[in-house]
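Student: I am new to this structure and would like a close look at a single part of it. Please take me through that part slowly.

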Amino acid sequence: ATPVTITYGMWDDRQLPAYQACADAFQIANPGIAIKITQSGWSDYWNTVTTGFANGNGFDVITDHLAYYQDLVNAGQILDLTPYIVAAKVNLNQYQTGLADLWAKNGKRFGLPKDFDTIAISYNSAATTKDHITAAELKVIRWNPTNGGTWERILKQATIDKNGNNALSPKFDKNNVVTYGLNAPDKTTDWGQTDWSTLAVSNGFQFLNKNPWGNHYNFDSPALAQTLAWYRKGIAGGWILDPRNVGNLGTPALMEANKIVFSTNGSWEINGLVSAKVPVKFAPLPIGPQGRHTMFNGLADSVNAATKNPAEAAKWALYLGSPACQDIVAAHAVVFPAIKEATLKA
């Protein structure tokens, strides 16, 4: 008999080998189902998904993202996987705390977590050694919006002008900076995932009135205004890189060019950072007035509500969220798998 073909869409080319390996293993265990994977860049991918779902020709299973998930649920375009999850007796407690809850709404479940991301500080350890900044002090950085805490002091210590003065020196020339302490905040994002969000939430800011299904954004919060004012102070003071001066250079290139010492980056950027031509190490985020916080996102796989093969599509989606596949993903070391035990293997 001819196998049923399930089409699967994804956007990250770095993860393609891992999920092709999952598909190969799945097909051996399920000879009646063939998996066809299509990978394309982020923008092209979502154009294909939304157009395909609208005209009835979409992928059977998609790599889903929380930024798009609510619209797909509201439009009735993805399948409630609860009956399949219950029948397969999936243990929802195997995932990192909170991940499975992100994919449930109104008693229905639209995906099983496959991975998660987090934010940390990356830094050029050759530069910090030269600047007499120790790994021990970087583990317990503190920040507040009033005087910046030890984070501001460290960033100033790492910032060097053309005459070799750091930003703690009264001789520092903020108009002729050679090396900045901190990378610029991302000027293209309105949620500050890899920069200001971590400090703002540590200062008491909450994005929504209800997380994750709120209906009001708190962008008028004083806690957010204080955080953004601190970034503005750092840019004006010459110890945070101005977003207008970044160009198209990413963090690794900026570190290699000795333009920055510190940056806050997502876990999906690790491979590029450790491949840089300078020694890059990692440190926990600063501890703010209300603790240490990171934006937390996790992908899942959702099934097209219009698929002609819902049982087979759901079987593939559940396999992607299983230990069998996530152990394969862990071995490829490109993302943190969502299952706790698989995370430890990554």
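Student: In which sense do strand β3 and β12 pair, and over how many bridges?

Tutor: In this predicted model, strand β3, which covers residues 61-64, pairs with β12 in the antiparallel sense, and the pairing runs over 4 bridges. Within that pairing, I62 stands opposite S302 in β12. These two strands belong to an open sheet of 4 strands, arranged in the order β2-β1-β3-β12, and the pairing across the sheet is mixed. At its edges lie β2 (33-39) and β12 (300-303), each of which pairs on one side only. Direction ignored, neighbouring strands of this sheet are turned by 25° against each other on average.

Helices also pack on the sheet. Helix α1 touches β1 (4-10) and β2, and the direction of α1 makes about 170° with that of β2. Helix α12, residues 310-320, touches β1, β2, β3 and β12, so to follow this helix is to meet each strand named in the order above; the direction of α12 makes about 45° with that of β1.

From α1 one can go on to another helix. Helix α1 (residues 16-29) packs with helix α13 (residues 323-332) at an angle of about 145°, their axes being 9 Å apart, and the crossing of the two is right-handed. On the α1 side the contact is made by P17, A18, Y19, A21, C22 and A25, which meet C325, I328, V329 and H332 in α13. Sorted by class, this contact of α1 with α13 has 9 nonpolar residues, 1 polar residue and no charged ones.

Key:
Residues are numbered from 1 along each chain as its sequence is written. This is a predicted model: local features need pLDDT of at least 70, side-chain atom pairs count only at pLDDT 80 or more; totals for chains, interfaces and linings use all residues. Side-chain values use heavy atoms; hydrogens and water are left out. Axes are lines fitted to C-alpha atoms, for helices over the stretch in contact, and angles run from 0 to 180 degrees between N-to-C directions. A crossing is left-handed if the near helix is turned anticlockwise from the far one by less than a right angle, and right-handed if clockwise. Contact means heavy atoms within 4.5 Å. Ala, Val, Leu, Ile, Met, Phe, Trp, Tyr, Cys and Pro count as nonpolar, Asp, Glu, Lys and Arg as charged, and the others, Gly among them, as polar. Two strands pair if DSSP finds at least two bridges between them.
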